[in-house]
Amino acid sequence: MPDAPGLELIRGEIEQDHPGAVLDTGFEHGCASLAIDPAHVLGVLGWLRDAPGQGYRFLSSLHAADYLPAEPRFAVHYELLNRDRVERIRVKALLADPGEDSLPEIDSCVELFPTAEFQEREAYDFFGIVFNGHPDLTRILLPEDYVGWPQRRDFPVGGEPVTFTYNERNYG
Amino acid sequence: MAELAERTEVMTVNIGPHHPATHGVLRLVVDLEGEVVKDLRPIIGYVHTGIEKSCEDKSYWKVIPFVERMDYVSYFFQMEAFCGAVERMIELEIPPRAKYLRTIFLELNRIHSHLVWLGTTALDLGAISMLWYCFRERERILDLFEMATGQRMHTRYFQVGGVIEDIPLGFEAKLREFIADMPVRVGQYQALLDRNEVFLSRTKGTGIVSRERLLELGVTGPLLRAAGEPWDLRKAFDYLAYPEMDFKIPVGTVGDNYDRYRVRVAEMVESTRIVEQALDALPEGPFIADDRKYVLPPRSELSTSMESLIHHFKLVTEGYRVGPGELYYAIESPRGELGCFVLADGSAKPARVHFRDPSFVNLQAFRDMSVGSYIADMICSLGMLDPILGGVDR
Amino acid sequence: MRSRQLRARDMLRGDLEGEELERYVEERVVMTNFDKMLGWARSNSIFPLTFGLACCAIEGIPMAAVTARYDIARFGAEAGRASPRQADLIILSGRVSIKMAPIIRRLYDQMLEPKWAISMGACSSSGGMFSNYAVVQGAEKFMPIDVHVPGCPPRPEAVLYGFTKLQRKIQGNPDQGWRARYGAHGTEEWARGGPRGEPSAEAAKAYLAARELIVSA
Ligand code: SF4
């Protein structure tokens, strides 16, 4: 893990190429994270992947999260891993909720990390986050005609209440 | 010849979701030219259970049984990923005995998972008797699980803070018996398969993907190691008792299906060694942390101490709160990097639980493994890929 | 053993007579009716569909229950069939998602009568612990189930117990299809029209007749 000063260094270097890209840095539970502006996501990810001395070449996981009461509401998390130094860094692209009728958008990183293909589709499926430039952005786990984005915080869990017939029928 | 070639056309075949060779409810849409796979699209989601959503509705300690049911062959790993993540968030150190017990159960589970894989994959390749042999050993592992935890599958044995109960009397002797037997049994499997002409010609040289491509696709676990990349989170990161264990990482050379088979079989033996070492070095002491804020007080205290009763009541009804924060914690499951992302918002329920499941990511490599090969090799590659559809779909 | 065989041969040849023959018949022959015999034969030669959905599949018929320790062959059901057209028992071993439900229904419709269904585990019986947007709360919602096996996952012994219960059931009322058993005339897929267009005139007539049956019952 880059430690807190190391993270500030990374931030400074990214700022040189992409001014305004890094919104915040965080360091919690031994894990560094960069909060970035979604407009610069490809630039930052590409820099972390290719810049000498960085080499975060392995995208472990891509997932979305919904921080409902907070603003900006959505975030796409990229868990990057440098396998030589065994270091992880999390990049969070913060996405504002564009309202009821439109969906939040971000650039797809499939070109940089082909592994993101399924995971971006999953994020689209559950959170309705549109990844521009994704080769095949369709629902992946839910049926194609499903309506709604079920893992958003304001989506009801669904299901049925359990009704017990034990007392009525008096089974032994 | 030319005329013949003109007459062949591409045929699209749908395989699944109910098909005995897809190891669950995976659906494949395959473009075939004759017998050769031209293109392939896996369609998944047929056991999508919404577990991640359900977890948001449950307090932390009730989430554990949910996450177990994702990848239903390696349930201990799911528990460890989730409990480990929560422990790191609340900064709870688990006692050494719990670490060792967890290591033992994780490795037993790894053997179990590989046994299920070996039995079913060999079955697909026509070696039917392997299923019976593998499940014989699997039953012994399940007996051990049942002895310690009371359940064969979905044991809910790991708790935040340690394990729920100490191993019972007689468990160690039974486990030692099993450890002594296991390498012999693995030798038997190898004797059956390693020189079996049919098995060899179906696995050797099929389904090769280069290691660079696998890394690009995010593939981890035995698939990556079979391609010659010694990447194992057990060695790379420091969790549980693995730093103290002496074990090797089997790697392959070419990365064909045969290497995948060899790597997994060798892993079973290595896991047996880890279990043995962990059992030898099993420290005495408590098996669960003694932090009343997060861990249930022992049963015996409930009738004597009012304080314990209050803690117990509070933990059971409301659960404990976890301060706001987020964490990604990854361990090496039998299929690769199993990551758990937990987002806490300060309440007693997680705001998001996400699992980065290795089967889900590895499945992307399936296209690369199969395009250009025969459809029969595709089935072999699918078996060697070892996706567990519960994990893919969650 | 040998002497019994000899006596059987004598009987078939017609060498046994009078009291001896009567005694032999009393000892050796079981009288039954054809239905019962058919039910007995059916119940002991079930071809289950090799069909697994989720965790329960590992413990159920496709895997653990057929292996050596549990050995479903004792009950005559080890011949799993991969095609629904050859199978007469479907075991729903696992959770039924909304995406899978139409497919299961279709598999079930493809099976030939007489057919039976076992729902294995809490999930397929009631949705189990997954009370959420993605899981059908009980397979009973879209197909008839004969035996529910509780557990999460049920032990293989429990599956076998459920299976023997099903055998009893088959022996009890052998020849009715499930529509008669459940009073479900009129639920035939072709009769409902649906996405494939209007039903044929015949189908519509059969549908009306079936409705009649239900209403009058
Ligand atoms: S009943 Fe339990 S074991 Fe069976 S499919 Fe459901 S969760 Fe899995």
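1. The lining of the largest cavity in this predicted model is made up of 7 nonpolar, 1 polar and 2 charged residues. Here Ala, Val, Leu, Ile, Met, Phe, Trp, Tyr, Cys and Pro count as nonpolar, Asp, Glu, Lys and Arg as charged, and the others, Gly among them, as polar.

2. Among the residues lining the largest cavity are B:Arg69, C:Arg95, C:Gly94 and C:Pro153. A cavity is a set of points on a 1 Å grid over the protein atoms alone where a 1.4 Å probe fits but cannot get out, and lining residues have an atom within 4 Å of a point.

3. The ligand sits in the largest cavity, meaning that more than half of its atoms lie within 2 Å of the grid points.

4. Around the ligand there are 13 residues, the closest being C:Cys55, C:Cys56, C:Gly94, C:Cys123 and C:Cys152; a residue is near if one of its heavy atoms lies within 4 Å. Because both chains B and C contribute surrounding residues, the site is shared between chains.

5. α6(C) gives the largest share of the shell around the ligand, 3 residues. Helices are DSSP runs (H or I, at least four residues), numbered from the N terminus.

6. A few reading notes: residues are numbered from 1 along each chain as its sequence is written, with chains lettered from A and ligands numbered from 1 in the order in which they are written. Local features need pLDDT of at least 70, side-chain atom pairs count only at pLDDT 80 or more, totals for chains, interfaces and linings use all residues, and side-chain values use heavy atoms, leaving out hydrogens and water.

Methods. 1 Å grid on protein atoms, 1.4 Å probe; cavity = no way out; pocket = protein on both sides within 12 Å on 5 of 7 lines; lining within 4 Å. Helix = DSSP H or I, 4+ residues; strand = E, 2+ residues; numbered from the N terminus.
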